[in-house]
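Q: Hi! Let's go through this one together, starting with how the pieces are named.

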Amino acid sequence: MIVVLKHDPNQAQLESLKLWLQEKNITIHESVGHANTILGLVGDTSKLDIDLIAALDIVEDVKRVQEPYKNANRKFHPEDTVIRVGNTQIGGGTLTIMAGPCSVESEEQVVAIAKAVKASGATMLRGGAFKPRTSPYSFQGLGATGLEYLKVAREETGLPIVTELMDLSQLPLFKDVDVIQIGARNMQNFDLLKAVGHQDKPVMIKRGMSATYEEWLMSAEYVMAGGNENVILCERGIRTFETYTRNTLDLAAIPVLRKLTHLPIIIDPSHATGKNFLVEPLALGAVATGCDGLQIEVHNDPAHALCDGPQSLRPEVFDSLARKLLKLHGMMKEVEE
């Protein structure tokens with residue numbers, strides 16, 4: 001249920017309303033916007049008398065929310081969420097570029113790539129320490145050692161790090177990670193979502209291979225229900241009948257999610273296609289469609305990469321792409337204004 005308050009409501013009446021709702025075991029999420037203040041009510045609201053609440057002097061309107069996701073719902077939180085990470089942010093009109101190797105292979109490798117992508121305009125470093133692979137014989141990542149190499153790269157460049165958490169047992173190792181990534185295969189690992197919901201750091205949830213928008217948003221809801229409202233959504237392609245590309249990138253997700261949720265939207269064109277020549281056109285398309293950022297794989301020697309070399313860009317190719325992306329983003333902002 002949503003309670004829309006009138007402009008500049010009487011504070012005594014507002015506190016009285018909140019107390020009454022809390023006595024009925026209703027959790028209140030208050031969102032203060034430019035024009036109105038909205039109270040998002042979570043809990044068993046079926047027994048609340050809408051007419052009684054609507055009759056209060058401070059209330060402008062009361063609506064029931066049909067969607068099962070509440071905290072992630074734009075109706076609860078009309079203003080876009082902006083997530084601050086280190087000295088940068090995700091959302092709020094900025095274009096966040098997360099770049100780095102699919103898998104951390106050595107300290108020298110990840111530090112060199114981190115320096116290169118930062119010089120090209122990347123604001124965050126992505127890199128896998130724990131790797132979920134379809135084949136048990138494929139490289140599974142360096143694990144805890146890989147996390148240490150990522151931290152060294154952060155010290156060298158100042159770039160916040162984004163890396164994937166695969167299992168609850170790994171959570172203690174992620175204490176110094178800036179953004180926890182939940183991969184597509186774990187999008188509905190509800191115990192893992194509950195656990196990161198109790199963390200005090202941003203969580204980026206990749207869309208499952210065949211997940212609907214509602215299922216994806218319900219995964220975000222699991223994290224937010226635990227108290228962690230710093231959630232980012234990442235579209236990385238879904239499985240369709242087409243086999244030429246690894247997945248099919250769903251750019252329609254951007255305007256749809258803009259309507260449904262206030263959470264930031266990141267696009268991963270690398271995993272979406274599995275082919276490096278498709279990264280640039282899809283990345284440009286994502287920026288033109290209005291995403292908040294991109295996650296792009298960069299490797300200094302893709303031909304010998306231990307993981308996903310065919311979809312990785314060389315640093316010099318990424319540099320050219322990053323310049324185009326930032327220029328296009330600037331043009332889009334001018335058009336919107």
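A: Helices (H or I, at least four residues) and strands (E, at least two) are DSSP runs, numbered from the N terminus. This is a predicted model in which local features need pLDDT of at least 70, side-chain atom pairs count only at pLDDT 80 or more, and totals for chains, interfaces and linings use all residues. Residues are numbered from 1 along each chain as its sequence is written, and side-chain values use heavy atoms, leaving out hydrogens and water.

Q: Thanks! Which residue just after H9 takes a positive phi?
A: That's Gly 290, with a phi of about 105 degrees.

Q: And which residues have a positive phi although they're not glycine?
A: Asp 8 has one, at about 55 degrees, and Asp 308 also has a phi of about 55 degrees.

Q: Where do those two sit?
A: Asp 8 is in the loop between E1 and H1, and Asp 308 is in the loop between E14 and H10.

Q: OK, back to H9. At what angle does it pack with H10?
A: H9 (residues 279-289) and H10 (residues 315-336) pack at about 20 degrees, and their axes are 9 Å apart. Axes are lines fitted to C-alpha atoms, for helices over the stretch in contact, and angles run from 0 to 180 degrees between N-to-C directions. The two helices are therefore roughly parallel to each other (under 35 degrees; over 145 is roughly antiparallel, 65 to 115 roughly perpendicular and the rest oblique).

Q: Which residues make that contact?
A: From H9 you have Val 279, Glu 280, Ala 283, Leu 284, Val 287 and Ala 288, and from H10 Leu 321, Lys 324, Leu 325, Leu 328, His 329 and Met 332. Contact means heavy atoms within 4.5 Å.

Q: Which residues of H9 are buried, and what do they pack against?
A: Val 279, Ala 283, Gly 285, Ala 286 and Val 287 are the buried ones. They pack against H7 (253-260), E13 (265-267), H8 (269-273), E14 (293-297) and H10.

Q: Switching to sheets: what does the barrel look like?
A: Eight strands make a closed barrel in the order E7-E8-E9-E10-E11-E12-E13-E14, with parallel pairing (two strands pair if DSSP finds at least two bridges between them). The twist from one strand to the next averages 25 degrees.

Q: How many bridges join E10 to E9 and to E11?
A: Three bridges join E9 (residues 161-164) to E10, and three join E10 to E11 (residues 203-206). Glu 164 stands opposite Gln 181 in E10, and Ile 180 has Val 203 of E11 as its bridge partner.

Q: Which way do the E10 residues point?
A: Val 179 and Gln 181 point one way, Ile 180 and Ile 182 the other, and all are buried. In a regular strand, side chains alternate between the two faces of the sheet.

Q: What about the E2-E3-E1-E4 sheet?
A: Those four strands form an open sheet in that order, with antiparallel pairing. E2 (27-32) and E4 (59-63) stand at the edges with a single partner strand each, so one side of each is left without a neighbour in the sheet. E1 (residues 2-5) and E3 (residues 37-42) pair over four bridges, and Ile 2 has Gly 40 in E3 as its bridge partner. H1 (residues 11-23) packs on this sheet, touching E1, E2, E3 and E4.

Q: Last one: where is Glu 229, and what does it touch?
A: Glu 229 lies in the loop between H6 (213-225) and E12 (231-235). Not counting residues up to four places away in sequence, Glu 229 touches His 29, Met 224 and Leu 263. Its relative accessibility is 41%, so Glu 229 counts as partly exposed.

Notes
Buried means under 20% relative accessible area, exposed over 50%, partly exposed in between (1.4 Å probe, protein chains only).
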